[in-house]
Amino acid sequence: MSRRLHIEVFRYNPLDPNSEPQMQSFYIDEYDSMTLFIALNIIRDQHDATLQFDFCCRAGICGSCGMVINGRPGLACHAQTKDLPTHIVLHPLPVFKLIGDLSVDTGVWFRDAGTRIEAWVHNDHEALDPTQEEARMENSLANEIFELDRCVECGCCIAACGTARMRPDFLGAAAIARVARFYLDPRDERNVENYYEVIGNDQGVFGCMGLLACEDVCPKHIPLQDQLGIMRRMLALHSVKGIVPKSLINKLSHKGCCHENHQS
């Protein structure tokens, strides 16, 4: 027997001077394999066509449908209603600019973060020569880079981050993992000093409180805290060069680090 779902949705249009933040309830019948994304479309098709929420791929690839589901950031297309109680409460992701209802602007935030961390391969090579072979790398290294490249920029990790919610200048786990991806890439010729200038401060790796919420809510299960810990240790050791014996720094620098083959 199907359940009757009570879906309570945050409603507010910041562009409408007459709009006030409020919660609105909708009631729909559940059926097998229903996702929260499908439920929201039913609401918009059958109950209120003005409901705003973002979507594109419906397969957890675009990251558009991020929202707070019963207090926990997640993707609507990943959330099966059978795994949720009959009363479902939805809010927009915090930190990001609200467009309306459940829709937020993650694009501006990630574009700004990408600019701040200089998210591109840095090298002194001349202009690309299309006749040259592609740069080769070991499969194991390529897989490590791909692991960090799976981020869909949904914003769930940022919304779950205590520091990001208190400080708008904090880069967050997604941006720091992106830096780690370039640190792994042998085509990127930046050294530790260059990376220290980018994230070696309280806006970067030293601003994390270690609550682990970012990794806990990541829909792609990216090892965000592992990468943040690796980058923080590397930059912390760099900051005490000349103070701590070099032998100790060398001993600690690659301990348990999947980046140990990267030459900087």
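Trainee: To start with the inside, how many cavities of 30 Å³ or more turn up in a search of the whole structure?
Mentor: The search finds two cavities of that size, where a cavity is a set of points, on a 1 Å grid over the protein atoms alone, at which a 1.4 Å probe fits but cannot get out. This is a predicted model, in which local features need pLDDT of at least 70, side-chain atom pairs count only at pLDDT 80 or more, and totals for chains, interfaces and linings use all residues. Residues are numbered from 1 along each chain as its sequence is written, and side-chain values use heavy atoms, with hydrogens and water left out.

Trainee: OK, and what volume does the largest cavity have?
Mentor: Its volume is about 130 Å³, taken as the space filled by probe spheres set on grid points that are joined across faces, edges and corners.

Trainee: Which residues are closest to its centre?
Mentor: Of the 16 residues in the lining, C161, C208, L211, C214 and Q225 are the closest to the centre, and a residue counts as lining when it has an atom within 4 Å of a point. The elements that contribute two or more lining residues are α5 (162-166), α8 (213-217) and α9. Helices here are DSSP runs of H or I with at least four residues, strands are runs of E with at least two, and both are numbered from the N terminus.

Trainee: What classes of residue make up that lining?
Mentor: The lining divides into 12 nonpolar residues, four polar ones and no charged ones; Ala, Val, Leu, Ile, Met, Phe, Trp, Tyr, Cys and Pro count as nonpolar, Asp, Glu, Lys and Arg as charged, and the others, Gly among them, as polar.

Trainee: And what lines the second largest cavity?
Mentor: The second largest cavity, with a volume of about 80 Å³, has among its lining residues C151, E153, C154, C157, K220 and L224. By class, that lining has nine nonpolar residues, one polar and two charged.

Trainee: Is C156 buried or exposed?
Mentor: C156 is buried, with a relative accessible area of 0%, whereas C151 is partly exposed at 34%. Buried means under 20% relative accessible area, exposed means over 50%, and partly exposed lies in between, with a 1.4 Å probe and protein chains only.

Trainee: Changing topic, which residues have the most contacts inside the largest nonpolar core?
Mentor: That core has 41 residues, and I158, I199, L224 and M231 have the most contacts inside it; a nonpolar core is a set of buried Ala, Val, Leu, Ile, Met, Phe, Trp, Tyr and Cys residues joined through side-chain atoms within 4.5 Å. The helix that gives the most to this core is α6, with 10 residues. A second, separate core of 30 residues includes I7, I28, L75 and C156.

Trainee: What does I158 touch?
Mentor: Leaving out residues up to four places away in sequence, I158 touches V95, F96, W109, F110, A164, L171, G172, A173 and A174, with contact meaning heavy atoms within 4.5 Å.

Trainee: Then where is F96 found?
Mentor: F96 is in the loop between β5 (87-91) and β6 (97-100), and F96 is buried, with a relative accessible area of 7%. Its contacts beyond four places in sequence are V104, D105, T106, W109, F110, G155 and I158.

Trainee: One last thing, which residues of helix α1 are buried?
Mentor: In α1 (residues 36-46), the buried residues are L36, F37, A39, L40, N41, I42 and I43, and what covers them includes β1 (4-11), β2 (22-29), β3 (66-69) and β5. Over the whole chain of 264 residues, 44% are buried, and the chain has 10 helices and seven strands.

Technical notes: 1 Å grid on protein atoms, 1.4 Å probe; cavity = no way out; pocket = protein on both sides within 12 Å on 5 of 7 lines; lining within 4 Å.
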